[in-house]
Every structure is written in C-alpha cells, then in structure tokens.
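Subject: Structure handover

Dear colleague,

Here is the structure I said I would pass on. Notes on what was found in it follow below.

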Amino acid sequence: MNIILADNQDITRAGLIYLLERMKLGDDIRIATDKIELMYRLKEDPTSVVIVDYTLFDLNDVSSLENLSMRFKQAMFVLFSDDLSPAFVSRLLASVPKSSILLKDSPMFEIRACIEEALKGQRYICQHAAGMLVATETQKDEAVKLTKTEKEILKDIAMGMTTKEIAAKRFSSFHTVNTHRKNIFRKLGVNNAHEATKYALRAGIVDEAEYYI
C-alpha cells in the first residue's frame, strides 16, 4: 500500500517523509503536487493512504474530496492541516467515510497513531479536532431554549412513548402534543425521535441510567 503525500509545503513534506522513514514506510512514499498527479497516483494504487493538506493543496472545496472518495472508494484520506472549521470537519466525516482528521499542532504520538490506523483502513480524529466538534455541539445545545412543557414531552419521546400515549398521560389532545413535538424538532434542528433522544441524553433531560434500564 502506497502513502501519497499531497502537501505543497516543503517543510511539512520533509517532516512527514522523515517520520515515515522512521516508521519503516519510506519505500511506500509517493508525492503528488497537484490534483491531476494525485489522481494519477491513485489510479496506480487505488488502495493508497493519501495525506493531504486541504488548505494548501490543489482542491477547491470539500466537494472535491467527496468526488475523489467516490471515485477511489478504497483509498484512505488523512486531512493534515493547520486550520479546519468545525463545519468542514463535520461535513467531511459525514460524507467521506474513509477519512481521518489530523491538525498540524498534533503531538507526535497522534501523528504516528493516525498513520497506523489509516494503513489499517480505520478512521482517526485527533484530540484537537474532536474537542472542537464537542465544543460546537455544546454551543448548539446551549442555544436551544425549550419550555418546561417541551422538555417534559421530549423526555417522554426519548423514553419511547408515542404521541397518543403522551397525550393521554398529559390529559391533552393528540393535536396539542403533536404541535409541541413539531416545535421541539424544529428548535433542535432534528428530523426524528432518534435524533431528539440523542439531544435529550446529551442535555441531561433524560438520565442515562433511566434510559438504559
């Protein structure tokens, strides 16, 4: 399996080559200086691990990576960059299954671990990027303002109750509870009870011990 370095920064590329040689992977290194050369390298070995600096390389946007991953489904893409936004990371992880995130301020043990996991076809997300995603989700949670009634109904939804059952429990009409349900989903930006339940657990509206009984 080849390792393709798609990074236009000489010092970064030199550092990666040094590290890969220390990991006994020096013979597997290939260099790509632009998208055309990257595609040529991938055609040579579609199972390659691609270490790419998205912010400096010849890629226009995340769609370019999505297209590459669809064309070369066996390749593993490691995003190794200085700065990636939480929105970019979330979209990448959702749309490119064989991708890993590694920021350039990651310690050496994480860089080694990421490369080792990529060679096994496994995803790796460095601690910095993972923390960034958690912080973003927390901010979203804090921005949501549910009323007392909405929280109570959300808890019932999370515990598996149907709209009809919740209406009977609350001595309310089906229409009233259904309206609350729609408002809750709209505020949370979710489309189904499963996603709403994940929010309820994360926000502490439902106790995990109670939920898993």
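A residue is called buried here when its relative accessible area is under 20%, and exposed when that value is over 50%. Please keep in mind that this is a predicted model.

By that cut-off, strand β1 (residues 3-6) is buried on both of its faces: Ile3 and Leu5 point one way, Ile4 and Ala6 point the other way, and all are buried.

The sheet

β1 belongs to an open sheet of five strands, which are ordered β2-β1-β3-β4-β5 and paired in parallel. The edges are formed by β2 and β5 (99-103), each of which pairs on one side only. From one strand to the next, the twist averages 20 degrees.

Two of the pairings can be given in detail. β1 and strand β2 (residues 29-31) are parallel and share three bridges; in this pair, Ile3 is placed opposite Ile29 of β2.

Helix α4 (residues 86-95) lies across β4 and β5, and its direction makes an angle of about 155 degrees with β5.

Helix packing

Two packed helices are described by the angle between their axes and the distance between the axes. Helix α7 (residues 148-158) has two such contacts to report, with α8 and with α9.

The axes of α7 and helix α8 (residues 163-170) come within 10 Å and cross at roughly 130 degrees. The two helices are therefore oblique to each other, and the crossing of α7 past α8 is right-handed. On the α7 side the contact involves Thr149, Glu152, Ile153, Asp156 and Ile157, which meet Ile166, Lys169 and Arg170 of α8. By class, the residues of this contact are three nonpolar, one polar and four charged.

With helix α9 (residues 174-188), α7 packs at an angle of about 95 degrees, the axes being 10 Å apart. α7 and α9 are therefore roughly perpendicular to each other. From α7, Thr149, Glu150, Ile153, Leu154 and Ile157 take part; from α9, the residues are His180, Arg181, Asn183, Ile184, Phe185, Lys187 and Leu188. This contact of α7 with α9 divides into six nonpolar, three polar and three charged residues. Thr149, Ile153 and Ile157 are among the α7 residues in the contact with α8, and they are also among those in the contact with α9.

Backbone points to check

Which residues other than glycine have a positive phi? Lys24 is one of them, with a phi of about 65 degrees, and Phe171 is another, with a phi near 55 degrees. Lys24 sits in the loop between α1 (10-22) and β2. The relative accessible area of Lys24 is 74%, so this residue is exposed. Phe171 is found in the loop between α8 and α9. Its relative accessibility is 77%, so Phe171 counts as exposed too.

Regards

Technical notes. Residues are numbered from 1 along each chain as its sequence is written. This is a predicted model: local features need pLDDT of at least 70, side-chain atom pairs count only at pLDDT 80 or more; totals for chains, interfaces and linings use all residues. Side-chain values use heavy atoms; hydrogens and water are left out. Axes are lines fitted to C-alpha atoms, for helices over the stretch in contact, and angles run from 0 to 180 degrees between N-to-C directions. Helices (H or I, at least four residues) and strands (E, at least two) are DSSP runs, numbered from the N terminus. Angles under 35 degrees count as roughly parallel, over 145 as roughly antiparallel, 65 to 115 as roughly perpendicular and the rest as oblique. A crossing is left-handed if the near helix is turned anticlockwise from the far one by less than a right angle, and right-handed if clockwise. Contact means heavy atoms within 4.5 Å. Ala, Val, Leu, Ile, Met, Phe, Trp, Tyr, Cys and Pro count as nonpolar, Asp, Glu, Lys and Arg as charged, and the others, Gly among them, as polar. Buried means under 20% relative accessible area, exposed over 50%, partly exposed in between (1.4 Å probe, protein chains only). Two strands pair if DSSP finds at least two bridges between them.
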